Amino acid sequence: EEMAKISSMSERQLYRRFREAFQITPQRFALLTRLRSVRSRLAVTDQPISEIAHEFGFCDQSALSRSFRKEAKITPLQFRREMRAPGSREHGEQPT
C-alpha cells in the first residue's frame, strides 16, 4: 500500500507492473530479500534464531524456519552449522 502511494499507482497497478518487470510478486521479492538478510546474519553472528526471526519481521522462529526451509531446503540452524564448518562456502551464500 505504501509503495503504491509513493509511486502514485493503485496497489493492483503496482503489483501488475512489478510482476511484469521482475517476473516475481512484490510480496515474494520482499520475502526473498528478508531471507537473504537472515542468511547473512546466521552466517556471521551467534544471535539466537528467534531474535533474528523477530528482527526480520517473522512472527516467531517457526515462521522463519518454515519460510527458510521452503527456499533453502534446510533449516536456519543447519545453514548456520554449514557456514561455520571448515571449508564452508562464503558467508551468506545459499547452499544448493
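Predicted model: local features only at pLDDT ≥ 70, side-chain atom pairs only at ≥ 80, totals over all residues.
Local features need pLDDT of at least 70, side-chain atom pairs count only at pLDDT 80 or more, and totals for chains, interfaces and linings use all residues. Residues are numbered from 1 along each chain as its sequence is written, and side-chain values use heavy atoms, leaving out hydrogens and water.

User: How are H3 and H5 oriented to each other: roughly parallel or roughly perpendicular?

Analyst: Helices here are DSSP runs (H or I, at least four residues), numbered from the N terminus. H3 and H5 (residues 61-72) pack with their axes 11 Å apart, at an angle of about 95°. Since 65 to 115 degrees counts as roughly perpendicular, H3 and H5 are roughly perpendicular.

User: Which residues in H5 meet H3?

Analyst: Contact means heavy atoms within 4.5 Å. On the H3 side are Arg-28, Leu-31, Leu-32, Leu-35, Val-38, Arg-39 and Leu-42. Their partners in H5 are Leu-64, Ser-67, Phe-68 and Glu-71.

User: At what angle do H3 and H6 pack?

Analyst: Good one to check in the viewer. Phe-79 and Met-83 are among the H6 residues that meet H3, and the axes of the two helices lie 8 Å apart. H3 and H6 are oblique to each other, with an angle of about 50°.

User: Which elements give two or more residues to the lining of the largest pocket?

Analyst: A pocket is an open set of points on a 1 Å grid where a 1.4 Å probe fits, with protein on both sides within 12 Å along at least five of seven lines; lining residues have an atom within 4 Å of a point. The lining includes Glu-2, Leu-14 and Pro-26. The elements asked for are H1 (2-7), H2 (11-22) and H3 (26-44).

Technical notes:
Axes fitted to C-alpha atoms, helices over the stretch in contact; angles between N-to-C directions. Parallel < 35°, antiparallel > 145°, perpendicular 65-115°, else oblique.
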